[in-house]
Amino acid sequence: MTRRAFTLVEAVIAMVVLSIAVPATLAMIHDATLARAESAMSTRASWLGSMVAEQILADVASDDPQLGMEALEDATAYLDHPDAGLFARLEDAIAPYREQGLEATVEIGPLVSESFTTTGDDVQDIYRQVVIAVQWNTPRGDQRSAPVAFLVTDPTP
């Protein structure tokens, strides 16, 4: 009867192979996990930006006398009024994103023409540029921002 077993040389070779392969594999798994997390945050940022943009477009098209294109004239009141401001109205929808580290900001520009310049002509200066930026920190510690810019105008001339 013969016994089969690992020799000391075989055991040392196996340990060397494992000591090289396992850290490399763990590093790849770690990188893949971080990439997946970054992708998920990027997707969430897109959802948050889209939600804010859709609400602004709905407000501009609204028949409510406190909304519409005129509401954008005073950007601070439109965005930050404690009861009727955009962020107050969206608080319940934004809260889960904020808990995950996402933050949205909105900038509303002056009236401009279709060429993005202020001409002083009320017939041409009928657009406002809106810029929504969603910021977050990545799992790697970097700060990212996803800006979205668009023009709005009164849909009922």
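The largest pocket is lined by 13 residues, with Q66, L67, A77, Y78 and A84 lying nearest its centre. A pocket here is an open set of points on a 1 Å grid over the protein atoms alone, where a 1.4 Å probe fits, with protein on both sides within 12 Å along at least five of seven lines, and lining residues have an atom within 4 Å of a point. This is a predicted model, so local features need pLDDT of at least 70 and side-chain atom pairs count only at pLDDT 80 or more, while totals for linings use all residues. Residues are numbered from 1 along each chain, and side-chain values use heavy atoms, leaving out hydrogens and water.

About 190 Å³ of space lies in the largest pocket. Its lining has 5 nonpolar, 3 polar and 5 charged residues.

Turning to the helices, α1 (residues 8–61) and α4 (residues 91–99) have axes that come within 11 Å and cross at roughly 160 degrees. That makes α1 roughly antiparallel to α4 (an angle over 145 degrees). The crossing of α1 past α4 is left-handed. On the α1 side, R44, W47, L48 and M51 make the contact (heavy atoms within 4.5 Å), and A93, I94 and Y97 do so from α4. By class, this contact has 6 nonpolar, no polar and 1 charged residues.

Then there is F116, found in the loop between β1 (103–112) and β2 (127–137). Phi of F116 is near 65 degrees, a positive value in a residue other than glycine. Most residues other than glycine have a negative phi.

Notes
Axes are lines fitted to C-alpha atoms, for helices over the stretch in contact, and angles run from 0 to 180 degrees between N-to-C directions. Helices (H or I, at least four residues) and strands (E, at least two) are DSSP runs, numbered from the N terminus. Angles under 35 degrees count as roughly parallel, over 145 as roughly antiparallel, 65 to 115 as roughly perpendicular and the rest as oblique. A crossing is left-handed if the near helix is turned anticlockwise from the far one by less than a right angle, and right-handed if clockwise. Ala, Val, Leu, Ile, Met, Phe, Trp, Tyr, Cys and Pro count as nonpolar, Asp, Glu, Lys and Arg as charged, and the others, Gly among them, as polar. Grid points are joined across faces, edges and corners, and a volume is the space filled by probe spheres set on the points.
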